[in-house]
Amino acid sequence: MGPTGSGKSTFINSFFPPGSSSGVRIGRSLQSETREVQPIELNNGKGLGFKLVDTPGFDDSREGITDIDVLSMIATFLVQEEERSIPIGLIYMHRISDTRMGGAARRNLRMFHKICGQDSLKNVVIVTTMWDKVTPEEGERHEQELRSSKTLFKPLLDGGAVMHRHHGTLTSALKIVDSLLNVQDHTTTQIVQELLYEQKTLEETAAGTEIQSELRAILQKHTADIKKLEEESRSATAASTKDEIAVQKKGLELLVSKLNRQIEDLKRRSGAGERA
């Protein structure tokens, strides 16, 4: 998991020869190319098979797919895998080249933590990517900031997660996978525990609650902005000003309608991540 453009698809494609059509599509823009959960069967070269799963990020770069859709897809996949065989590890990808962690990256990290839960952190690897985009000194400094900040990776590392660097090579990718394959304790993620064993709905899970809280906060802000525009329109005298305010208000009303639909969609989801 990780934000759009953090290197998830590139990591998986490290296991395929250059130019191979067997990997996953890599985005070259700010738009996400990954629109569904994509499991890829691989081998570590030592006769041990494993599965890497490419997932969409929690962000706003896709048309026609919401964060609720992404959560539902991930939850459904994890529940199905739990019923077959317990997943052994989770990977979170982050660009070391980012000078700061923006809103989308922080949202992805929060969602990752809510999905995994505290007990699964010992089965988590945080993978930093894009090392070729920074000098060694810059990379070291960014890495230390990520390790030490209580609002970034420190809580995960304190809970048992580890950090590795991916240099875009098969060797570094195998090192990361082997670190997970060598973990003796299997894990059940928090969202699987909630959905499968506690029989919660998606809305009631920690991850679902997080998304709903974010949606309601944005909804509250847009609603307040609409009321402010209405007050400005009443006091405006020029017709052109009233028209401009009306356009802004219409745009916000469309966003409010979209947010309300997403909140209702979350309520309709069943505990297994499908529509009720």
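## Helix α9

In this predicted model, helix α9 covers residues 239–268, and its 30 residues at 1.5 Å a residue should span 44 Å; the end C-alpha atoms are 43 Å apart, which agrees. The expected span of a helix is taken as 1.5 Å times one less than its number of residues. Helices (H or I, at least four residues) and strands (E, at least two) are DSSP runs numbered from the N terminus.

The buried residues of α9 are Ile245, Leu252, Val256, Leu259, Gln262, Ile263, Asp265 and Leu266. Buried means under 20% relative accessible area, exposed over 50%, and partly exposed in between, with a 1.4 Å probe and protein chains only. The cover over the buried residues of α9 includes α2 (67–84) and α8, where contact means heavy atoms within 4.5 Å. Lys227 lies in helix α8 and is exposed, with a relative accessible area of 51%. Between the C-alpha atoms of Lys227 and Lys249 the separation is 8.9 Å, although the two residues are 22 residues apart along the chain.

## Basis of the values

Residues are numbered from 1 along each chain as its sequence is written. As the model is predicted, local features need pLDDT of at least 70 and side-chain atom pairs count only at pLDDT 80 or more, while totals for chains, interfaces and linings use all residues; side-chain values use heavy atoms, with hydrogens and water left out.

## The parallel sheet

An open sheet is formed by three strands in the order β3-β4-β5, with parallel pairing. Its edge strands, β3 (90–95) and β5 (162–165), each pair on one side only. From one strand to the next, the twist averages 30°. Two strands count as paired if DSSP finds at least two bridges between them. Six bridges join β3 in the parallel sense to β4, which comprises residues 124–129; Arg95 has Thr129 in β4 as its bridge partner.

Two helices lie across this sheet. Helix α3 (residues 103–116) lies across β3 and β4 and runs at about 170° to β3. Helix α4 (residues 136–148) lies across β3, β4 and β5, at about 160° to β5. Axes are lines fitted to C-alpha atoms, for helices over the stretch in contact, and the angles run from 0 to 180 degrees between N-to-C directions.

## Nonpolar cores

In soluble globular proteins, nonpolar side chains tend to be buried together. A nonpolar core is here a set of buried Ala, Val, Leu, Ile, Met, Phe, Trp, Tyr and Cys residues joined through side-chain atoms within 4.5 Å. The largest such core has 51 residues, and Phe58, Leu71, Ile115, Phe153 and Ile191 have the most contacts inside it. Two or more residues of this core come from each of α2, β3, α3, β4, α5 (154–158), α7, α8 and α9. With eight residues, α2 gives the most.

When neighbours within four places in sequence are left aside, the contacts of Phe58 include Met1, Asp67, Val70, Leu71, Ile74, Ala104, Arg107, Asn108, Met111, Ile115 and Ile211. A second, separate core has 17 residues, among them Ile12, Phe16, Leu52 and Ile176.

## Aromatic pairs

There are four aromatic pairs in the structure. Rings of Phe, Tyr and Trp (its six-membered ring) pair if their centres lie within 6.5 Å; planes under 30 degrees apart count as stacked, over 60 as edge-to-face and the rest as tilted. Phe11 and Phe15 form an edge-to-face pair, at 5.9 Å centre to centre and 80° between the planes. Phe11 is buried at a relative accessible area of 3%, and Phe15 counts as buried at 13%. Ring pairs link Phe11, Phe15 and Phe50 into a cluster.

The ring centres of Tyr92 and Phe153 are 6.1 Å apart and their planes stand at 75°, so this pair is edge-to-face. The pair links distant parts of the chain, 61 residues apart: Tyr92 is in strand β3, and Phe153 is in the loop between α4 and α5. Tyr92 counts as buried at 0% relative accessibility, and Phe153 is buried with a relative accessible area of 0%.

## Positive phi angles

Met130, a residue other than glycine, has a positive phi near 65°. Met130 is found in the loop between β4 and α4 and is partly exposed, with a relative accessible area of 24%. Gln199 also has a positive phi, near 55°. Gln199 is placed in the loop between α7 (190–197) and α8 (206–235) and is exposed, with a relative accessible area of 62%.
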